[in-house]
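Hello,

Here is the structure I said I would pass on. Please look through it first; my notes follow below.

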Amino acid sequence: MISEKLKKGHLLIAEPSIIGDLSFNRSVILLADHNKEGSIGFIINKPLKYTINDLIPEIEANFKIYNGGPVEQDNLYFIHNIPELIPNSVEISNGIYWGGDFESTKDLINDGSISKNNIRFFLGYTGWDENQLESEMQGNSWIIADNNYKNKIIGKSTTHFWKEQIIELGGDYLIWSNAPENPYLN
């Protein structure tokens, strides 16, 4: 855990107390942008039952689609670690990039130049208005962590990623690592 101010590239780990919120319960969010107007992030550990080919049939790959968050879930977003291949990408941090030329991206996936360890697709994103995320931080909804995985987080973060992060935090969080998703059902 770190105490420094929020910035792009940080991970937001949902506090165990977030229960009953389908979007954010046990979420780990990569903060893609943070400025005085607000913040944007992508939930990186909640795969959906779709692949990129299900949504865009001309892409001949079975890369999973992830639930990026509750905002604009009818839009497709992507992060990647190959800016040298995808023009017009915006760096988040640690060699992770957001977006870029989608036509080039489709071609590169189809010719095998991009693997699932290079790119992650999301339906929707997570967004906060000015000072909203800071308010949630004061309300103990999120734990800020450095992204120690750098650009390898794209291939690393799985459905068990929240539990792994909680175990890394240690201390009082360890009890939550084996708790059921909804303790009220226990």
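Glu103 and Lys106 sit 3 residues apart in helix α2, about one turn of the helix. Keep in mind that the model is predicted. The side chains of Glu103 and Lys106 form a salt bridge, with 3.3 Å from N to O. Side chains of opposite charge can pair when their charged atoms come close.

Lys106 also has a salt bridge to Glu58, and there the closest N and O atoms are 3.3 Å apart. Lys106 belongs to helix α2 (residues 102-110), while Glu58 is in the loop between α1 (52-55) and β5 (64-67), so this pair ties together parts that are 48 residues apart in sequence.

Glu58 is partly exposed at 44%, and Glu103 is partly exposed at 49%.

The structure holds 3 salt bridges. One of them joins Glu164 and Lys156, whose closest N and O atoms are 3.0 Å apart. Glu164 is partly exposed, with a relative accessible area of 28%, and Lys156 is partly exposed as well, with 30%.

Now to Arg120, in strand β9 (residues 119-129). Beyond its neighbours within four places in sequence, Arg120 is in contact with several residues, including Ile44, Tyr77, Phe78 and Ile153.

Ser93 is in strand β7 (residues 90-93). Ser93 counts as buried, with 16% relative accessibility. Its side chain has a polar contact of 3.4 Å with the side chain of Asn94. Leaving out residues up to four places away in sequence, Ser93 touches Lys8 and Gly9.

Last, the chain as a whole. It has 5 helices and 10 strands. For 186 residues, a compact globule would have a radius of gyration near 16 Å, and the chain agrees with this at 16 Å. Of the 186 residues, 46% count as buried. The chain exposes about 9600 Å², and carbon and sulfur atoms supply 47% of that area. Among contacts between residues at least 6 apart in sequence, 61% join residues at least 24 apart.

Regards

Conventions: Residues numbered from 1 in each chain as written. Predicted model: local features only at pLDDT ≥ 70, side-chain atom pairs only at ≥ 80, totals over all residues. Heavy atoms only, no water. Helix = DSSP H or I, 4+ residues; strand = E, 2+ residues; numbered from the N terminus. Contact = heavy atoms within 4.5 Å. Rg over C-alpha atoms; globule rule 2.2 N^0.38 Å. Buried < 20%, exposed > 50% of the residue type's maximum accessible area, 1.4 Å probe, protein only. Areas by Shrake-Rupley, 256 points an atom, 1.4 Å probe, with all protein chains shown as cover. Polar contact = N/O pair within 3.5 Å; in protein donor to acceptor, adjacent residues only side chain to side chain. Salt bridge = Lys/Arg side-chain N within 4 Å of Asp/Glu carboxyl O.
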